[in-house]
Amino acid sequence: MTMGPGWYLRRLSRMGPQEVGGRVGDAVRRRRWRSAPPDCPPVTDARFTAVLPAGTVAAVPPDAAKRLVAEADRLMDGHAEYFGEVRDDLAAPDWWRDPRTGRRAPSGYAFDVPYRSEDAVGDIKQIWELSRHQYLTVLAAAYAVTGNERYAERVAEHLRSWWAANPPLRGVHWISGIELGIRLLSWVWVRRLLDGWPGAAGLFEDNPVALHQIWHHQRWLAAFPSRGSSANNHVIAETAGQFAASCAFGWFPSSTRWRSAALRSLERHLRANTFPSGLNRELATEYHGLVLELGLAAVAEADAAAVPVPASVRLVLLRMTDALAAVVDNRLRPPRQGDADDGHGLVLDGAGTDRWGSLLATGDAVFGRLAWWPVVTGTDVRTTLLAALVRPYARNAGADTCSVTRPADRPAHFADAGMTVLRGPGEIWCRCDGGPHGFLSIAAHAHADALSVEVRHDGVDVLADPGTFCYHGQPEWRQYFRSTLGHNTLQVDGGDQSVSGGPFLWTRHARSRVLVADTSDEGVARWSAEHDGYRHVVHRRRVDLTAATRELRIVDEVRGPLRAVRLVFHLGPAVTADLTGNRAVLTWARDGEDRSAVLDLPGELSWSAHRGETDPPLGWYSAGFGRKEPATTLVGAGFAGGARELTTVLGFRG
């Protein structure tokens, strides 16, 4: 999609004077660099010393190593899948081609490329993803585990190809700071994992082209940081990549200055992006995972280079890890809240490795698990390698440490984030959303999902958050998946609770507040909240989970005059619904066993089932970015207001 003048005016209105001034300075600098790009200074006696401790690779669990090598072999054969697009061109990729549309991004000065226009560039996410070079870290890890030089040789071939095709400031890969930051982190790990290969030094520190690229990446990041209303997960990726590179590739006159500035920025923005409870302020769970991965990787580089890190950095990462352990369900699946684009900070594992289990395993190795943490049974490569570099938290000593009281019991309510998790017998898991709309003035990755619920049974989505699906190029789908209609909540007068100003921009934010969050009673867990997103009325919702009856009761109330409403419940893709009147019998299977529930819906509304509709979109579920599948959505239409309550009861059988 191409942003019109109206979008830019709305975007400008969400900026403060300092951000506007910074962006004006960026524009001046871009113009100056067009005619006089900065030059890389000469480098002499560059050495790479940030290697893994002896014996680290041998400690990788055998099943994790097996998955890694299988993934590397698929990559060697040219096969991969990104955002639902199956590719078979990875043996010799075209770095500027979008495989989904077949379009090729234009060349020229980077800041002239209209990357938001799919007509001109193609799907920018597809183009950028491969050039994060996280598939190269997988190949490099396969070399480290096996010693087979064909993996190292492919890595070297592709890096040289990329560097030749993407000179500094030319083309689509020099536009976005998050891409440069993640790419730098990948290069650090590629060099580390190839350390035993005879050609490693010739590929990196003894290679003028590599030095030129590394310097220009860091110079770019120092010049164009994400600012103000854009200082979300992007700035974490930028500073983590900059910090990692200036620690591991500290070969340039500016390396010390870059390292100090990046660490200051990382510390400041990690705190700013994280609630005191440990949840990410974007209220988008996948970005919680991305930021945690990036933060742990940055600390690993600091410890490998013996660079002191402020105590607050480790403290934020500790709280994020404890928060993640608190909110996952019994299958280690976290909430599906807000935007999700399958973004990772550091990839060292093969397909089939559980991302969230991996993060918790790393948290255990670095911080130590608490008694209430869920058990992680899977294995991964990344934990072994990261933990070998990071000094365990409990044994830290010195100025960069601090004491912290960790939760004695599993937290269920995160007041600052407005998230409450109700749990019941039979592994019933229910997330209730009564928090802020999103982060910063634009709430870029927020959805209009106030008071929505997400319910699972033994890890199966029963009442599901449908997900994200896309960012660019398909505006009707982008709008649907982040709309109020696209969530398990109440829509009033056919509109969204918050007002969208376009992609990644909300101009008015619904304000929510939690009234009750009580999980202390083992018999009944209760939650209640309200929001003011609709003019002249307040939507209030109450949720009770009764253990004895395995019953979830949802009561909705519109406080104000009578209004047209639609109450929406999205079912997971594994769930089949038989709707008769205002009762739906739900069935699904888990591990070969049939499961069922009964959903008694408010009789005051007229109910209909929708599945896989496209005009307009309704009845879809996106398991990951770029992928969607039909799923049943139940919609109740009618009127609500005054003292009328709408009661929904979900009862689990067996």
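Keep in mind that the model is predicted.

Start with helix α10, residues 208-223. Its 16 residues should span 22 Å at 1.5 Å a residue, and its end C-alpha atoms are 22 Å apart, so the two agree. N207 caps the N-terminal end. There, a side-chain oxygen lies 3.0 Å from the backbone nitrogen of V209. Buried residues in α10 include I214, W215 and Q218. What covers the buried residues of α10? Helices α2, α7, α8, α9, α11 and α12 are among the cover.

Take α11 next, residues 233-248. This helix is mostly covered, with 15 of its 16 residues buried.

Now the cores. The largest nonpolar core has 146 residues. V172, W189, L194 and F249 have the most contacts inside it. Another core, of 40 residues, lies apart from it, and V455 and F569 are among its members. Back to F249: beyond its sequence neighbours within four places, F249 contacts residues including F48, W187, I214 and Q218. F249 also belongs to a cluster linked by ring pairs, along with F48, W187 and W215, among others.

How many aromatic pairs does the structure hold? There are 25. In one, Y471 and F504 have ring centres 4.9 Å apart and planes at 80 degrees, so the pair is edge-to-face. Y471 and F504 sit in two loops, so the pair ties together parts 33 residues apart in sequence. Y471 is buried, at 4% relative accessible area. F504 also counts as buried, at 17%.

F569 and W607 are stacked, 6.4 Å centre to centre. F569 lies in strand β15 and W607 in strand β19.

How values were computed:
Residues numbered from 1 in each chain as written. Predicted model: local features only at pLDDT ≥ 70, side-chain atom pairs only at ≥ 80, totals over all residues. Heavy atoms only, no water. Helix = DSSP H or I, 4+ residues; strand = E, 2+ residues; numbered from the N terminus. Expected span 1.5 Å × (residues − 1). Buried < 20%, exposed > 50% of the residue type's maximum accessible area, 1.4 Å probe, protein only. Contact = heavy atoms within 4.5 Å. Polar contact = N/O pair within 3.5 Å; in protein donor to acceptor, adjacent residues only side chain to side chain. Core = buried A, V, L, I, M, F, W, Y, C linked by side-chain atoms within 4.5 Å. Phe/Tyr/Trp six-rings, centres within 6.5 Å; stacked < 30°, edge-to-face > 60°.
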